[in-house]
Amino acid sequence: MAAAVCARILRETDPFRVVGVQRGATPHEVARAFKRAALLVHPDKCELPCSAEAFAQLNNAHEACERECARAKRTHDDDDADNAASAP
């Protein structure tokens, strides 16, 4: 199982797919998927030679997903504020 996860992480380029979620996933979904994958590929837990590289890529992808989720939330909140301000 860890070998398949390592291979997927190293093969994918989209951060959401690296973490294992669909684009547009909630921050909670991203965090859960990251934890599951991290437990499998963490170099202290996994003896595969690719685990350190996969774990580093997983961390980078997780950070990118978090930034995108935060950006989407800010955009959504700004749209809500604009709609509330323009309401009669």
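Let's start with helix α1, whose buried residues are Ala2, Val5, Cys6 and Ile9; buried here means under 20% relative accessible area, exposed means over 50%, and partly exposed is in between, using a 1.4 Å probe on protein chains only. Those residues cover an arc of only 100° around the axis, which puts them on the same side of α1. The arc is taken from the directions from the helix axis to the C-beta atoms. An α-helix has 3.6 residues a turn, so residues three or four places apart point the same way. Helices are DSSP runs (H or I, at least four residues), numbered from the N terminus.

A word on the model. It is predicted, so local features need pLDDT of at least 70 and side-chain atom pairs count only at pLDDT 80 or more, while totals for chains, interfaces and linings use all residues. Residues are numbered from 1 along each chain as its sequence is written, and side-chain values use heavy atoms, with hydrogens and water left out.

Now for the inside. The largest nonpolar core has 20 residues, and Ile9, Phe16, Val19, Val21, Val30, Val41 and Leu58 touch the most other members. Helices α1, α2, α3 (27-41) and α4 (51-86) each supply at least two residues of this core. Such a core is a set of buried Ala, Val, Leu, Ile, Met, Phe, Trp, Tyr and Cys residues joined through side-chain atoms within 4.5 Å.

Take Val30: leaving aside residues up to four places away in sequence, Val30 touches Phe16, Val19, Val21, Ala25, His62, Cys65 and Cys69, where contact means heavy atoms within 4.5 Å. His62 lies in helix α4 and is buried, with a relative accessible area of 11%.

Glu12 sits in the loop between α1 (2-11) and α2 (15-19), and at 15% relative accessibility Glu12 counts as buried. The Glu12 side chain makes a polar contact with the side chain of Arg17 at 3.2 Å. A polar contact is a pair of N or O atoms within 3.5 Å; within protein, one must be able to donate a hydrogen and the other to accept it, and residues adjacent in sequence count only if both atoms are side-chain atoms.

What about the cysteines? A disulfide is a pair of cysteine sulfur atoms within 2.5 Å, and the count comes to 0 disulfides. The sulfur of Cys50 is 3.5 Å from the closest cysteine sulfur, in Cys6, too far for a bond.
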